[in-house]
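Here's a quick briefing to read alongside the model. Have the sequence and the 3D view open while you go through the points.

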Amino acid sequence: MWALVEGHIKENTTVFETSSGNTAYSEAYMCRLIGVKFVAIVPDTIERVKVEHIEEQGASIFKVPIGERLAFARNITQRHPDRFFMNQFANADRAEEFHESGDYDHESVNVFHEILHQLQDSFNRSAPDFFVHAAGTGGTISSVGRYAKKYNVKTRIVLADSEYSIYYDYVVNNRFRNESGSSLWVSPGMAGIGFGPMGAAIHGVSTSLAPSAIDMAIKIPDLASVAAMHYLKTIGIEGGTSTGVNFVASLHLASKFSTPKRRISIVTLLADHASSYDSSYYNKQWIQENFAGHGSFECWFLVLHQSINLGVDPLQLGAKCSRTLQRSQE
């Protein structure tokens, strides 16, 4: 909507976007509705099912190494007035202005606004103690954080960061704003989550994550997040990569801040569906091949089960999971 209102997209414009798959699918759908062409620049490791979803909307696809997506998109659109690079990493916050969720009281309406009203209407509960979410572009959690601070909502905004992403240090230690963290990135990571191989995290250029909107940040081991995806599926919750990251972070917070005398409330988002990851994060052979050296998947799965049943911190208890692999290799 922002790009249309501002005149970036016209009748003969071709829209380009960098994505791990899900945003490209939604933008391809919208471009098909308004009758303009759409091109997705995706990592060369993208799952086939995501490619099929994008192509079903009539879009074209370029596959490039994950760290080269932004540069490729800029190069292919610069000096071409009939091409527009949407750049969700730089402009995700623009969506907040055009998010409509009904005739509610507050001027700013976003996903957290809806959460607060649903908690009140359905459970007669006020604001949660914590809101937990991972960051890809950083747009969603920054929007939630700005909303909470604008209206003095007492919820603490918690960034759940993947293992080799630079976002934790970007928020907590003010690093990687002028330096790249690409040398620290270890594949495959958690698809669509974190910021690693794409250079420095520059707000409004390569990321929409606003550190001032975040109250806490937690690092989550990638293999723990994968094990969480599998554990949740056994209890009927079939989510994607961010679901696993968010769940482990929520268990960690619950173990640290909840007491017998006071239970805390935590809200997180369960975003994309498991079906996008059947060939990757839900494939045991793929996990074994791509997470060799990360530790023991079975150990993390057991840790999560114990964390839920005993209320213990999965990150503290799971420290042994990487040592399990080290001992087996000695």
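Contact here means heavy atoms within 4.5 Å. This is a predicted model, where local features need pLDDT of at least 70, side-chain atom pairs count only at pLDDT 80 or more, and totals for chains, interfaces and linings use all residues. Residues are numbered from 1 along each chain as its sequence is written, and side-chain values use heavy atoms, with hydrogens and water left out.

- The chain splits into domain 1 (1–87) and domain 2 (112–318), with bounds that come from an automatic or database domain assignment.
- Between the C-alpha centres of domain 1 and domain 2 there are 26 Å, and the contact draws on 11 residues from domain 1 and 13 residues from domain 2.
- The size of an interface is often given as the accessible area lost when the parts come together.
- Here, about 950 Å² is buried between domain 1 and domain 2, with 54% of that coming from carbon and sulfur atoms; buried area is the accessible area (1.4 Å probe) that two parts lose on being put together, summed over both.
- On the domain 1 side, the residues that lose the most area to domain 2 are Glu-47, Ile-66 and Leu-70, together 40% of what that side buries.
- Helix 3 (48–56) and helix 4 (69–77) each put at least two residues into the side of domain 1 that touches domain 2, and helix 4 gives the most, with three residues. Helices (H or I, at least four residues) and strands (E, at least two) are DSSP runs, numbered from the N terminus.

**The loop between strand 5 and helix 7**

- Ala-135 sits in the loop between strand 5 and helix 7 and is buried, at 1% relative accessibility. Buried means under 20% relative accessible area, exposed over 50%, and partly exposed in between (1.4 Å probe, protein chains only).
- Not counting residues up to four places away in sequence, Ala-135 touches Ile-141, Leu-159, Ala-160, Tyr-167, Ile-193, Gly-194 and Leu-209.
- Thr-137 is in the loop between strand 5 (130–133) and helix 7 (139–150), and it counts as buried too, at 13% relative accessible area.
- A polar atom of the Thr-137 side chain lies 3.1 Å from the backbone nitrogen of Gly-139.
- Leaving aside neighbours within four places in sequence, the contacts of Thr-137 include Gln-88, Phe-89, Tyr-167 and Leu-209.

- Look for a cis peptide bond between Ser-187 and Pro-188, with omega about 5°; Pro-188 is in the loop between helix 8 (167–172) and strand 7 (216–220).
- Asn-174, in the loop between helix 8 and strand 7, has a positive phi of about 60° although it is not a glycine.
- Arg-79 isn't a glycine but has a positive phi of about 65°. Arg-79 lies in the loop between helix 4 and strand 4 (83–85) and is exposed, at 74% relative accessibility.

**Salt bridges**

- Side chains of opposite charge can pair when their charged atoms come close.
- Searching the whole structure gives eight salt bridges.
- Arg-48 and Glu-55 pair at 3.6 Å, N to O, and Arg-48, Glu-52 and Glu-55 are linked in a network of salt bridges. Arg-48 is partly exposed at 46%, as is Glu-55 at 38%.
- Lys-149 and Asp-215 form a salt bridge, with the closest N and O atoms 3.3 Å apart. That pair links distant parts of the chain, with Lys-149 in helix 7 and Asp-215 in the loop between helix 8 and strand 7, 66 residues apart.
- Arg-175 and Glu-179 meet in a salt bridge at 3.5 Å, N to O.

Terms used. Polar contact = N/O pair within 3.5 Å; in protein donor to acceptor, adjacent residues only side chain to side chain. Salt bridge = Lys/Arg side-chain N within 4 Å of Asp/Glu carboxyl O.
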